[in-house]
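Subject: A structure for you to look at

Hello,

Here is the structure I promised to pass on. Please open it beside this message, and my notes follow below.

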Amino acid sequence: MPEPPARAGVQAQAGPATVARTRPAWRGWRGRRPFWGGVLILFGGAEILFTLRAPLPVVLHIGLQGLSGYLVPTVMVLCGLLVLFNPAQRLFYSVLAVLASLGSWLTSNLGGFLIGMLCGVIGSCLTFGWLPDQPPRRRLLRRGQGGRKAADPAGV
């Protein structure tokens, strides 16, 4: 049964207002933590875990190495999540994540066929180098503003 027009109009207006409130909140949350470093660590660990389950004849799990093949990418996923949700300890998590990423070369199918290992190392470097006290960057040069002079219509 269709809703009355007055109520449908109220619901339609609530959508853009909610988006207008959540976008600055999301940007503020993302700006207070090493977001892209954590996402890359998380993606690298998840990629390595998925390559362990790949139906390929290259995949080997023998004895203790089979357990460490699952343990190392799990540590990477946990480090990625902890970097995102506890950025105060980012240095410890980034060092642990880079060690786990490099250890995945031996334990987890060449580090998820290099993709997961490289994502983990790059994400760890981004996380380690992130500084929380810097103001957010703004575009220095904008079209028609900034350090360049606006184009003179006379051509002079």
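How many helices and how many strands are there in the chain? There are six helices and zero strands, where helices (H or I, at least four residues) and strands (E, at least two) are DSSP runs numbered from the N terminus. Along the sequence, the pattern reads α-α-α-α-α-α.

Some housekeeping: this is a predicted model, in which local features need pLDDT of at least 70 and side-chain atom pairs count only at pLDDT 80 or more, while totals for chains, interfaces and linings use all residues. Residues are numbered from 1 along each chain as its sequence is written, and side-chain values use heavy atoms, with hydrogens and water left out.

The chain as a whole

Of the 156 residues in the chain, 29% are buried. Here buried means under 20% relative accessible area, exposed means over 50%, and partly exposed is in between (1.4 Å probe, protein chains only). The chain exposes about 11200 Å², and carbon and sulfur atoms supply 68% of that area; the areas come from the Shrake-Rupley method with a 1.4 Å probe, and for residues only the protein chains shown count as cover. Among contacts (heavy atoms within 4.5 Å) with a separation of 6 or more, 74% join residues 24 or more positions apart. Pro135 lies in the segment after H6 and is exposed, at 66% relative accessible area.

Helix H2

The end C-alpha atoms of helix H2 (residues 35-52) are 26 Å apart, which agrees with the 26 Å that its 18 residues should span. The expected span is 1.5 Å times one less than the number of residues. Buried residues in H2 include Phe35, Gly37, Gly38, Ile41 and Glu47. Glu47 counts as buried because its relative accessible area is 14%. Leaving aside neighbours within four places in sequence, Glu47 is in contact with Gly111, Gly112, Ile115 and Gly116.

Aromatic rings

Rings of Phe, Tyr and Trp (its six-membered ring) pair if their centres lie within 6.5 Å; planes under 30 degrees apart count as stacked, over 60 as edge-to-face and the rest as tilted. By this rule there are six aromatic pairs. One of them is Trp26 with Phe35, edge-to-face at 5.5 Å centre to centre and 85° between the planes. Trp26 is partly exposed at 41%, whereas Phe35 is buried at 11%.

A nonpolar patch

Trp36 also belongs to a nonpolar surface patch, with Trp105, Leu106, Leu110, Leu114, Leu118, Ile122 and Leu126, and together they have about 840 Å² of accessible area. Patches are made of residues with over 30% relative accessible area and no salt bridge, with like charges joined within 9 Å and nonpolar side chains (Val, Leu, Ile, Met, Phe, Trp, Tyr) within 5 Å; a salt bridge is a side-chain nitrogen of Lys or Arg within 4 Å of a carboxyl oxygen of Asp or Glu. Helix H6 gives the most, with three residues. Leu126 sits in H6 and is partly exposed at 45%.

Phe113, in helix H5 (residues 109-113), has a positive phi of about 55° although it is not a glycine. Leu114, in the loop between H5 and H6, also has a positive phi, near 70°.

Best wishes
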